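Biologist: Before we talk, could you put the model on the screen, so that I can ask what stands behind the words we use for it?

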Amino acid sequence: MLFRSSLLAVAALIAVPAAAQQAPVQTRQVGTARLENVPEIPQDIRDAVQRYQNYREARFQDWLPDGSMLITTRFGSTFQVHHVPAPGAARRQLTYYSEPVGGAKTVPGKKRFVLTRDTGGDEWFQLFVRDLDGVGQPLTEPVTRNQSPVFAKDGSLLVWSRATKGSADYAIMAADPADPKSRRLVWQGTGAVGPQDISADKTTVLLGKGISNRENHLMLLDMASGKVTPLDWSVKAKARFEDPRFIDGGKAIVAITNAGTDTRRLVRIDAATGKMTALSREPGWDVEAYDLSPDGRTIAYTLNEDGYSRVILMPLAGGAGMSPQLPRGVVTALSFSPDGGKLAVGLTNATTAGDVWTVELGNQAITRWTQSEPGELDPAKLVEPQLVRFTSFDGLTVPAFVYRPKNAAPDAKLPVIIDIHGGPEAQTRPSWNPGAQYFADVLGAVVILPNVRGSDGYGTKYLNLDNGPLREDSVKDIGALIDWAGKQPGMDAKRIAVYGQSYGGYMSLASMTFYSDKLVGGVERYGISDFISFMANTEAYRRDNRRAEYGDERDPKMRAVFERIAPLKNVGKITKPMLVMQGANDPRVPQSESDQVVAALRANGVETWYVLYADEGHGFLKKANNDLRREVETVFLKKLFAQ
């Protein structure tokens, strides 16, 4: 038997084609990153990356009671909290953590704030409370995930949701932010529950329970008894109710919803009966965010019009609305000042990284509070993307934003990078995109960012076109885009690469299995390589939400679909080079998804570069890591386009 086994082993080795013999992996360490098969980075590429990576942006976080602001902006390697006392005033840094601050909310009526921070991108978020000076005091327990902090209007009560390792269930926690030791468990929920608002008398908390990215339910939590009462009308609606808040003393709720319509609108809901009255009046586009003035009389909301934001101000009781003349772009924040006299608007666009503006409610005067710093970027080289539409395999019209180098000759045949967003329920928009600008300038490439079926921003029907067994229809959209790009006079059909992160990483891998013959290669960051192993290994608190989108692997029919469509199962169809990048602490798409596809590609003799960051999670948030990522991408893509 031993002799026979040895013969079989030798025969198996001989049967492996020479091209499939794995070459030794060249490994080196750069900072916290392990680089496999990645050559040294030329100095000119390092310099080019720095020109595009040294910008700073301002992200609005909250107002303080005196009318000044909290923002986050990068300091050194990470985003930290800064105080801006007045328009154009110098920013004063408040936090100095080595890890990035995820967000900050002011304690109402106090010069204090609560901030959110994790460790190494692990997304086990902790809450800290602190004054403008001093050290943050922890409000939460280690090895827990804390999110959705909501304050009572007088600032004496903070409510949030907490998950623990290995559980898909969230609890509702409460504390007086002035006394971290007052933390207590109010209610142990099941599933993804989180607070949305607190009644004026602090007796009731409005809860939301996420069923999927297409449906959630609303409930009322009695703070004294811990009893939860479902709002049955929200269950029956089978829709989304986003950012619900109490009005009219708790008798009504304001929310953004797609109940009864294809697009999301702003509505007033009778809390008892569920009767809805539309507040927004612009059909055809989604309402994406809103805020209520402190006196409850004025509402501000933003419309997502083909990716661009439009801000509208109107009386809550009804009447004519108006749109302040803000720069064209994408709104990232919307918040009334404590006195109700101003509206803060976070805004970004294709040529500005991100700044904060205010609108005076009295005279509609526009004031710019912050001035983002472009670093060494030449604004004259920045591209304004063109919105195009192409026709997919089944006649569906798919939108995309196209960045073409400014100085390219009209008849130049340029390489193409198809950059596919994650989510999948996300939307590529004309906001600041240093990667697209960099690739257009430094690589001289046309960068196309499509919103394939399943993307947000185009209605519920469009959002659902890739659900469950329809998953590969979105990949076919990329096939149609490849064909469309190959026919454009300024694009080179022989030099097209796919590129994506997260779900976009899956799309990049899947596109390579379908269209390797039409592509020169692909880049994927922390992408799903096998839905079955992904479902088994993603964090428990995400699993049911992802099943609702991708399909339930426990269903034999859906499992068969996953077996058929997984890039890992079709990896033999990938014949062109791949670059894979991953954060070791990623709780969403774990490292195992990248490890297994890298091993399979190399076993098939495909040139595969791999970068693994020890101190990152789902996205590379530390500047040094993000710089290295861009350097490696540049060397890889230059090599692809030179072949």
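Biologist: Among contacts in the protein between residues at least 6 apart in sequence, what percentage join residues at least 24 apart?

Modeller: That share is 53%, where a contact means heavy atoms within 4.5 Å. Please keep in mind that this is a predicted model, in which local features need pLDDT of at least 70 and side-chain atom pairs count only at pLDDT 80 or more, while totals for chains, interfaces and linings use all residues. Residues are numbered from 1 along each chain as its sequence is written, and side-chain values use heavy atoms, with hydrogens and water left out.

Biologist: How do you know whether the radius of gyration of the protein agrees with that of a compact globule?

Modeller: The radius is taken over C-alpha atoms, and the globule rule is 2.2 Å times the number of residues to the power 0.38. For 643 residues a compact globule would come near 26 Å, and the protein has 25 Å, so the two agree. The C-alpha trace spans about 80 × 65 × 50 Å along its principal axes.

Biologist: What makes the phi of E123 worth a remark?

Modeller: Its phi is near 65°, a positive value in a residue other than glycine, and K238, also not a glycine, has a positive phi of about 50°. Most residues other than glycine have a negative phi, and most peptide bonds are trans. The bond from G423 to P424 is cis, with omega near 5°.

Biologist: What makes β3 and β6 edge strands?

Modeller: Strands are DSSP runs of E with at least two residues, helices are runs of H or I with at least four, and both are numbered from the N terminus. Two strands pair if DSSP finds at least two bridges between them. The open sheet of 4 strands has the order β3-β4-β5-β6, with antiparallel pairing. In that sheet β3 (59-63) and β6 (92-93) each have a single partner strand, so one side of each is left without a neighbour.

Biologist: How do you know that β5 and β6 pair?

Modeller: There are 2 bridges between β5 (residues 78-84) and β6, and the definition asks for at least two, so they count as paired. H82 stands opposite Q93 in β6.
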